[in-house]
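Visitor: Please take a close look at the aromatic ring pairs here. I would like one connected account.

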Amino acid sequence: MKCLDKGQIALYLYNLLEPEEAKVMAAHLEECRHCQLKLKQELDELEDPEESLATDEPTDAVIHDIMVNLPPYPIHVLKRSERHQLQKKIDWKKRSLDIVKKATIAVAGMAAVVYFGTLTSPSFATYVNDFYAATIKSQPKQTESSLFAEEASEDPLIQRGLEEGYNKKLDLKAIDNGMTLEVREVMADTRDVRIIFGFKDKNGKQLEKLFRNFPLGGQDERSETYEIKITDEDGNVLETNDKYHLNYNKKESIGEKDEYLMVSRPISRYFTDVSKIPDKLNIELSIKKLDKVDGNWSVTIPVDISKAKKETKIVPINEHYTAPNGEVINLKQVTVTPGQTEFVIENTEGSGSSQSLTYEVVDDKGAVLAAWSNLDLTSEFGEEPNPFFKNVSREYFVRATDDKDIHFITFHSLPADKNLTFRVGDNYDQIPSNFKQKLSTETLKTAPVTIKHDGSTLTFSNFASEEITKTNPITSEKHKMLRSTLQFEATLAPSVAYLDDFQGVDDKGKEYRFYFFGTTTKDEKGNFIMKGTLQEDMNVIPKELTFTFEEQVNVKKDMDWSVAIPLKK
């Protein structure tokens, strides 16, 4: 099963899935560290609430704006009635669930914070207060009564589309089995096509929680439910550049009762060159199944992209670089629109070992304005702040052939009227590590242990454990365990970016896998700093553990390739 996105995690957290889907997702969460880290996020531990906000209860509109803008928690799917139910589920005095259930409490806790004024910590209180004030003072410019306005605060491309008038209200309908599909609004630019639609039942009542009718599975399962085709004015169906038909449809719930759904499809999946996009296209939306009822609800939506194309500046580049492992990097073009700059990078695999690269955009003084890496940052580099991303607003890729990927990386806050330079920064290799150190758990309770290893300084401290009750998400069976935590801080050698796959072995040979929850930053010398907690659940706490980390990510600073980006008129 593929890793879960934000929407899938939200549906799982709030028990909005069909039982079979929930079982599949729960089983994946039990095994996948990547998705566990997504759930974990910033609230690793919830303390007893001790403070309250001395403010009046915010309005429904402000509550909604706050909740949809608290990244990265997917709590925008909550409505007022559901927040009441979630508050009842929270047991503030039992910090005794596994990562999945802890994350459920964390998200629900945030919802309760916003709605009930109850805070988990003073620092979080300050954050919510500041955010609440910012929400009231600086609402984004929106087109009156547009359904897209709900997403504008989260998506700068939608905000720009509203400001530039790329959206169009519609009244398109299709009826089958007494159910009526109503397409309400469309927005199209050189990046995406977005459609907002809803359904009414046989009695003309608007269906609520529409997202429940659309699956979270793979492309085949989604294709059985709905399909989006893009055709030219002559009716020719456009073929995607993606050989593997990777799914880039995005779904977001819209409306106070989730009565609408926004689906989108990136235009770049069909055109890597914006100049080749026809001025006019037809979008065919076909819904094949609704609430397990087969049907045929189809509409054709004409869109005009000519205005968006005129406001889009295309800078062809087509400069190539061959990395040490034989990988060929081609900066194909740069596309500039108001507030957004997209880099199209084609990567062709080499014959050597796979490497991860970092790309940077710098000004004429060498200051780094934007950065992106194809490292698997979510699973490999812990929580924010992320030292490899800067000013990234969106990124995805198209797999064109077996050995060729095309990355579309969108940056914000880049000057559109100054010459810039695109360059390859460092590259990274994951290699095995030979670190091994025996540590006494009793000693670590009272005194830190610092170890030098290959130029890195590692400090372990504050070993602690507490009894928890773990709940099987499928069977609901409960059993008690001991959750052990160990503070970890490392100043890494100049050639090392990260340490991964922490393991411990006790004197009887039993193996434990510790998960790192923390941050990876850089100090003033440019060395990477790891700081956080190592965590594992055990039945019995051993007296000694032999610690290892199986892999480390090494930095190679031998890249020397840059390309001028002539944006200045």
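Guide: What follows traces the ring pairs around one phenylalanine. This is a predicted model, where local features need pLDDT of at least 70, side-chain atom pairs count only at pLDDT 80 or more, and totals for chains, interfaces and linings use all residues. Residues are numbered from 1 along each chain as its sequence is written, and side-chain values use heavy atoms, with hydrogens and water left out.

The structure holds 16 aromatic pairs. Rings of Phe, Tyr and Trp (its six-membered ring) pair if their centres lie within 6.5 Å; planes under 30 degrees apart count as stacked, over 60 as edge-to-face and the rest as tilted. Take Tyr-359 and Phe-422. Their ring centres are 5.5 Å apart and their planes are at 25°, so this pair is stacked. The pair links distant parts of the chain, 63 residues apart. Tyr-359 sits in strand 14 (residues 356–362), Phe-422 in strand 18 (residues 420–432). Strands (E, at least two residues) are DSSP runs, numbered from the N terminus.

Tyr-359 is buried, at 2% relative accessibility. Phe-422 is also buried, at 2%. Buried means under 20% relative accessible area (1.4 Å probe, protein chains only).

Phe-422 also pairs with Trp-561. The centres are 6.1 Å apart and the planes at 85°, so this pair is edge-to-face. Here 139 residues separate the partners: Trp-561 lies in the loop between strand 26 (544–556) and strand 27 (562–565). Trp-561 is buried too, with a relative accessible area of 11%.

Definitions and conventions. Helix = DSSP H or I, 4+ residues; strand = E, 2+ residues; numbered from the N terminus. Buried < 20%, exposed > 50% of the residue type's maximum accessible area, 1.4 Å probe, protein only.
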